[in-house]
Amino acid sequence: MSWQTYVDDHLMCDIEGTGQHLTSAAIFGTDGTVWAKSASFPEFKPNEIDAIIKEFNEAGQLAPTGLFLGGAKYMVIQGEAGAVIRGKKGAGGICIKKTGQAMVFGIYDEPVAPGQCNMVVERRSLFKPNEIDAIIKEFNEAGQLAPTGLFLGGAKYMVIQGEAGAVIRGKKGAGGICIKKTGQAMVFGIYDEPVAPGQCNMVVERLGDYLLDQGM
């Protein structure tokens, strides 16, 4: 999966079946380089991206001046220092999520709500395309992830006993992950204490079995 495909299919997606979409989206490297962007993404200036990078490194820099992108000014609102920047401009706004090596941008306007944009940008930036590619490869050729571990959103899980071609299970401290493959989908479940591994497995695998029964 390319970064452009990720933007087109995962960021500019139909939001929760509402038929609504972000106005524009993009992925930048933390060095300011463009990895991929939607056709509608604003024509930005390098100094605007530099200011955003600086805000992630030193939270509070943009509060007095506002966040600028493509000449548009956004009032900076509550985010997560070093991780998420959120801004408002009239009925619309912006959300930027920083990962280890990238910045994921989402811009919205009515009727999309701030929370919907935040969900798309923040949740979908939890994983990287190459991590999903590695999981797909494991389902096709069991044993690929055992030496390296399973990575999702930069977190590493030790692969434990699953079902070749059907179920991948992993552990990370007191938590873990279960992934069930069906004919057309992969169902992911991530848990932590007090949820037990078996509880997560039951939820994920039952849903997977239901999808299989539906021919999906």
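Me: What distance separates the centres of domain 1 and domain 2?

Reply: In this predicted model, the centres of domain 1 and domain 2, taken over C-alpha atoms, are 30 Å apart. Domain 1 covers 3-122 and domain 2 covers 129-214.

Me: Why is the pair of Phe28 and Phe105 called tilted?

Reply: The ring centres lie 4.8 Å apart, and rings pair if their centres lie within 6.5 Å. The planes stand at 45 degrees, whereas stacked requires under 30 degrees and edge-to-face over 60, so the pair is tilted. Because Phe28 lies in strand E1 and Phe105 in strand E7, the pair ties together parts that are 77 residues apart in sequence.

Me: What makes the pair of Phe41 and Phe105 edge-to-face?

Reply: Here the planes are at 90 degrees, with 5.8 Å from centre to centre; edge-to-face begins over 60 degrees, so the label follows from the angle. Phe41 sits in the loop between strand E2 and helix H2, 64 residues apart from Phe105 in strand E7.

Me: Which residues form one aromatic cluster with Phe105?

Reply: Phe28, Phe41 and Phe44 form that cluster together with Phe105, in a structure that holds seven aromatic pairs.

Definitions and conventions: Residues numbered from 1 in each chain as written. Predicted model: local features only at pLDDT ≥ 70, side-chain atom pairs only at ≥ 80, totals over all residues. Heavy atoms only, no water. Domains from an automatic or database assignment. Phe/Tyr/Trp six-rings, centres within 6.5 Å; stacked < 30°, edge-to-face > 60°. Helix = DSSP H or I, 4+ residues; strand = E, 2+ residues; numbered from the N terminus.
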